[in-house]
Amino acid sequence: MTSAAPQDLVVTQATLADWPVISGWAAAEGWNPGLSDGPAFFAQDPEGFFLGRIDGEPVSAISVVNHGPDYAFLGCYLVRPDQRGRGHGLTTWKTALAHAGERTVGLDGVVAQQDNYRESGFELAYRTVRFTGTAPRGEAPAGIRPAGPADLAAITAYDSACSPADRPRFLAEWLTGPGHHALVRHDGGRLTGYGVIRPGHDTLRIGPLFADTADDARALFTALTADVAGREVAIDVPEPHTAGVALAEEAGLRPSFETARMYTGPVREYARERVFGVATLELG
């Protein structure tokens, strides 16, 4: 897929080798991407990332990652600061959005872009708030252990119940990426939640944090942060999830950033009450 635009902008699919450019721009915007996000992102849909270039130099980026036949997620919408206001972002957007076909598209939009997204057919579902602060001191509760290969099938099924679409290829990389630490909680032989903490550019990032109950989520949060007490952590919590907001506040974290979850159409039902923290704002 290729598109030309004013001033000879050429939009083509990006590769994993281009990820440092995209993540570097995201970091400069204060989005704090994870240091090892790229392989997991591209594993889900290697054809879902795009760069706009002028004379071979990257000036714009976007991702439209297909999660299945009915759902896609848009993220990484960026234009280099010195190239803004010239139509490059819109051209990159239109070229990439075609990759979704007839799928419902979701995104987590920053405040400055939400009106533009509405004009493009996206409707507000809810706000997501990033809570940031110093990880509290605590000891990992009983019943929690590191996730292993034998847990992948159960985690994948649990994640699917907590998400608008299945994402097995993403998860297989996300759980084992460099610096990623994944934990599971069980009640007898039944999985009651899982969580991941990973290094970001500015702070450690927690996500996802999916759990049956607030007690399960609190136990997982405590275990995820037990070895990083005193370091800065961040978690993205859907604002309507009052128990998730309360958990972040109880841990001493405070709002630092917000986005809006928006969709172009309906999405399948999922267990929103289990979503105490989303995996990533770039892929949902």
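**Rings that pair up**

Visitor: Hi! Are Phe41 and Trp174 buried or exposed?

Guide: Phe41 and Trp174 are both buried. Buried means under 20% relative accessible area, exposed is over 50%, and partly exposed is in between, with a 1.4 Å probe and protein chains only. This is a predicted model, where local features need pLDDT of at least 70, side-chain atom pairs count only at 80 or more, and totals for chains, interfaces and linings use all residues. Residues are numbered from 1 along each chain as its sequence is written, and side-chain values use heavy atoms, leaving out hydrogens and water.

Visitor: Why is the pair of Phe41 and Trp174 stacked, then?

Guide: Their ring centres are 6.2 Å apart and the planes are at 10°, so Phe41 and Trp174 are stacked. Phe41 is in helix α2 and Trp174 in helix α6, so the pair ties together parts 133 residues apart in sequence. Helices (H or I, at least four residues) and strands (E, at least two) are DSSP runs, numbered from the N terminus.

Visitor: What about Tyr71 and Tyr263?

Guide: That pair is tilted, at 6.3 Å centre to centre and 55° between the planes. Tyr71 in strand β5 and Tyr263 in strand β13 are 192 residues apart, and both are buried.

Visitor: New topic: which residues do ring pairs link into a cluster?

Guide: Trp19, Phe41, Phe42, Phe49, Phe170 and Trp174.

Conventions
Phe/Tyr/Trp six-rings, centres within 6.5 Å; stacked < 30°, edge-to-face > 60°.
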